[in-house]
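Biologist: I have a model on my screen and some terms to question. Can we go through what stands behind them?

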Amino acid sequence: MQIDLAAPPLPATAPDLARAAEERGAGRFVLSETSHNPFLQLARAADRTERIGLATGVAIAFARTPMTLAYEAWGLHESSGGRAAIGLGTQIKPHVVRRFGMPWDRPAARMHEYLAAVRAIWHSWQTGERLAFRGEFYQHTLMTPVFAPAPLPYQPPPLLLAGVGPLMTATAGAVADGLLAHPFGSPQHLATAVLPAVRAARAKSEAENAPWTTRPFEVVANVLVATGHDEDEYRTNLRLVRERLAFYASTPTYRPVLETHGWAALHDELHPMSVRGRWEEMGRLIDDTVLNTFAITGEPTAVARELHHRYGQLADRLCLSGPDGTDAAPLLDVLSAAVAGR
């Protein structure tokens, strides 16, 4: 099982943190799209590293056209010597429409076509064949030589898809190269509510000899970790992880995850508080049982053991993340212990 490290996409720290993750044995260095473009920071990290994979986890697909994403991903893959992995997510409708000014409708069907369009563009660049993608949502029918990147001496990057609900997770199984499981997803929810549908969709695509199924499918478990070098740091990180879990638990999209454990009432209590911005108070409603169901806490070696215990039979990769804005050193210690124990 590969162990990856997720970090905030901060321009000042990403390259050095990527180098540290490589030295500790991480399989991939992962940046998500929040306040910065992850492709820019990963391209900088490529110059400071030699072996580690460089992944978005996630980039917002619907903030871009398939052509825009194809160029960004191809450029990262080329500049890193074939080390890119492209994790994509939809975001939610208000952000896509009101923040990015892009269309939103039938997101699972749109994402299905989006991945097909990106692959068609890459195929055109790699082979020189005419680009002629015509779908319901996207049309890409013009590509002249001056605008086509040179072919690469390796496969295009894998396309991994984040999903929570049944439609998007089934889409991941049907058309993506892997599933990025949400950090607000317990091993029980992943095993009983997510993976059966993902694997059924993947099996159908394999039975139909879909060309992308020649590449092995990955299940990536994203795991929130609270640890620290001393008691004060540990307590601070516990509080921040509780607040992150409270945010997820207050979101209607994630209510089914709580229902798996019989905790739907927690969502009903937290959602009105989120509307009023009572974030710290919300975190105090995440008791130890909920905390230790959705996150792994403790000193680095104990966290590493628990990671393997919980996810060793469920996932191909583990992606570790801690609270935003905190010292990355304790998480790097978890990474080292987890790599040593795999």
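Modeller: Gladly, and keep in mind that this is a predicted model.

Biologist: Which residues are buried in helix 3?

Modeller: Pro66, Met67, Leu69, Ala70, Ala73, Trp74, Leu76 and His77. Each is called buried because its relative accessible area is under 20%.

Biologist: How do you know that the span of helix 3 agrees with its 14 residues?

Modeller: At 1.5 Å a residue, residues 66-79 should span 20 Å. The end C-alpha atoms are 20 Å apart, so the two agree. Just after helix 3, glycine 81 has a positive phi of about 70°.

Biologist: What makes helix 2 roughly parallel to helix 3?

Modeller: Their axes are 9 Å apart and the packing angle is about 10°. Angles under 35 degrees count as roughly parallel, so the term applies to helix 2 and helix 3.

Biologist: Which residues make that contact?

Modeller: Helix 2 brings Phe39, Leu42, Ala43 and Ala46. Helix 3 brings Leu69, Glu72, Ala73, Leu76 and Ser79. By class, 7 are nonpolar, 1 is polar and 1 is charged.

Biologist: Which residues touch the most other members of the largest nonpolar core?

Modeller: Phe29, Leu88, Tyr114, Leu307 and Leu335, in a core of 78 residues. Helix 5 gives the most to this core, with 9 residues.

Biologist: Why is proline 158 counted as buried?

Modeller: Its relative accessibility is 10%. The cut-off is under 20%, so proline 158 is buried. Proline 158 sits in the loop between strand 6 and strand 7. Beyond its sequence neighbours within four places, proline 158 is in contact with Arg28, Ala84, Ala85, Ile86, Asp177 and Arg215.

Biologist: And valine 146, buried or exposed?

Modeller: Valine 146 has a relative accessible area of 69%. Exposed means over 50%, so valine 146 is exposed. Valine 146 also belongs to the loop between strand 6 and strand 7 (159-163).

Biologist: Why is arginine 106 called partly exposed?

Modeller: Its relative accessible area is 46%. That lies between 20% and 50%, so arginine 106 is partly exposed. Arginine 106 is in the loop between helix 4 (93-99) and helix 5. Its phi is positive, near 45°, in a residue other than glycine.

Biologist: What about the phi of asparagine 209?

Modeller: It is near 55°, a positive value in a residue other than glycine. Asparagine 209 has a relative accessible area of 65%, over the 50% cut-off, so asparagine 209 is exposed.

Biologist: Where is the cis peptide bond that you flagged?

Modeller: Between glycine 57 and valine 58, with omega about 20°. Valine 58 lies in strand 3.

How values were computed
Residues are numbered from 1 along each chain as its sequence is written. This is a predicted model: local features need pLDDT of at least 70, side-chain atom pairs count only at pLDDT 80 or more; totals for chains, interfaces and linings use all residues. Side-chain values use heavy atoms; hydrogens and water are left out. Helices (H or I, at least four residues) and strands (E, at least two) are DSSP runs, numbered from the N terminus. The expected span of a helix is 1.5 Å times one less than its number of residues. Buried means under 20% relative accessible area, exposed over 50%, partly exposed in between (1.4 Å probe, protein chains only). A nonpolar core is a set of buried Ala, Val, Leu, Ile, Met, Phe, Trp, Tyr and Cys residues joined through side-chain atoms within 4.5 Å. Contact means heavy atoms within 4.5 Å. Axes are lines fitted to C-alpha atoms, for helices over the stretch in contact, and angles run from 0 to 180 degrees between N-to-C directions. Angles under 35 degrees count as roughly parallel, over 145 as roughly antiparallel, 65 to 115 as roughly perpendicular and the rest as oblique. Ala, Val, Leu, Ile, Met, Phe, Trp, Tyr, Cys and Pro count as nonpolar, Asp, Glu, Lys and Arg as charged, and the others, Gly among them, as polar.
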